[in-house]
Amino acid sequence: MDRSKQKSAQIRTLPFETRILHPQMLHFAQIDSTNSYLLRQHVHPPGTVVMADYQTHGKGRLGRSWLSKESESLLFSIYLTENLHHYPLYAFTFLAAVAVHDGLLHCIPNSALEVKWPNDVLLNGKKVCGILVQSRMLSANETRVVIGIGININQPASFFQNDLRFGTSLFAYRGEPLERRAVLDPVLQAIDRQLLVLREQGAAPILEKWKRYCHSLGKSVAVDDGQQIQRGIFLGLAPDGGLILQTANGKNIFYAADVSLVKEEPECS
Ligand code: BTN
């Protein structure tokens, strides 16, 4: 990585009043990964947002990489310290998904947005955002939590081919490019709102909202845990955020898996 680029963070004051987020965010031209940066840095106040135009080692779920050309995506992470006896870690993933959903709806009203278990936001049935929550214990009572969010903004439709055919961007959806900041600000505002809900009311209202936004809940899905693909009905969420699948052989709970909707066969008369 070019360390000189990494050092050149600009500080920007968020253009709205924050309750939980720190009002000043850091913007790097280039960094290895905004998540990795916040997991190893000990000097930032809780609520700090770190954004990058480009990540040399962007991290995705299940040990995958997260690749994006310079300035085409919104790549940012939020640093929190939390007492996780109050909130389970998965609550932050659902919180981020709900907030990204609401923030994007503000930018593209009436659009077909939904959340997908465990950590995606879909636009027109295609992935527009991925979320990676990571944590590190600071003490017996305190944990460093980093919520990492990648939103596809200005990739052209032609970018989403072959392996990437299940993805989309706001540009591919609208047919016009968008200023990244015009998306970042409403999304951060929605995150700040949901963090306040979490602090004041706990995770329950966020999970309820997530369930309303999850169109595959109650439907036939295929769950691929890397070893086998199981089909069944997505019944609901386990108390620890796992996906409960009702199969012909009973209920199974999944924690790390990819889920896809199964088209219902029309019934023959
Ligand atoms: C996934 O869907 O696999 C999760 C992708 C998360 C990507 C974001 S981009 C900003 C932050 N920094 C990272 O290295 N990863 C997250």
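In this predicted model, the buried residues of helix α6 are Ile206, Leu207, Lys209, Trp210 and Tyr213. Viewed down the axis of α6, these buried residues fall within an arc of 160°, and therefore they line one face of the helix.

Helix α5 spans residues 180-201 and helix α6 spans residues 204-213, and their axes come within 8 Å of each other while crossing at roughly 130°. The two helices, α5 and α6, are therefore oblique to each other. On the side of α5 the contact is made by Gln194, Val197, Leu198 and Gln201, which meet Pro205, Ile206 and Lys209 on the side of α6. By residue class, this contact of α5 with α6 divides into four nonpolar residues, two polar ones and one charged.

A pair of aromatic rings is described by the distance of the centres and the angle of the planes. With ring centres within 6.5 Å as the criterion, the count comes to four aromatic pairs. In one of them, the rings of Phe28 and Tyr37 have their centres 5.0 Å apart and their planes at 65°, and because an angle over 60 degrees counts as edge-to-face, that is the class of this pair. Phe28 is buried, with a relative accessible area of 5%, and Tyr37 also counts as buried, at 7% relative accessibility.

Another pair, formed by Phe94 and Trp210, is tilted, with 4.5 Å from centre to centre and 45° between the planes. This pair links distant parts of the chain, since Phe94 belongs to helix α3 and Trp210 to helix α6, 116 residues apart. Both Phe94 and Trp210 are buried, and together with Tyr90 they form one aromatic cluster.

Most residues other than glycine have a negative phi, and most peptide bonds are trans. Against this background, the peptide bond from Trp117 to Pro118 is cis, with omega near -5°, and Pro118 lies in the loop between β5 and β6.

Which value does phi take in Asn124? It is near 55°, a positive value in a residue other than glycine. Asn124 is found in the loop between β6 (120-123) and β7 (126-137), and with a relative accessible area of 51% it is exposed. Leaving aside neighbours within four places in sequence, Asn124 is in contact with Ala112 and Tyr173. The C-alpha atoms of Asn124 and Ser111, which are 13 residues apart along the chain, are separated by 7.6 Å.

Asn162 likewise has a positive phi, of about 50°, although it is not a glycine. Asn162 lies in the loop between β8 (143-152) and α4 (170-174), and at 60% relative accessibility it counts as exposed.

Terms used: Residues numbered from 1 in each chain as written. Predicted model: local features only at pLDDT ≥ 70, side-chain atom pairs only at ≥ 80, totals over all residues. Heavy atoms only, no water. Axes fitted to C-alpha atoms, helices over the stretch in contact; angles between N-to-C directions. Helix = DSSP H or I, 4+ residues; strand = E, 2+ residues; numbered from the N terminus. Parallel < 35°, antiparallel > 145°, perpendicular 65-115°, else oblique. Contact = heavy atoms within 4.5 Å. Nonpolar A, V, L, I, M, F, W, Y, C, P; charged D, E, K, R; others polar. Buried < 20%, exposed > 50% of the residue type's maximum accessible area, 1.4 Å probe, protein only. Arc of directions from axis to C-beta. Phe/Tyr/Trp six-rings, centres within 6.5 Å; stacked < 30°, edge-to-face > 60°.
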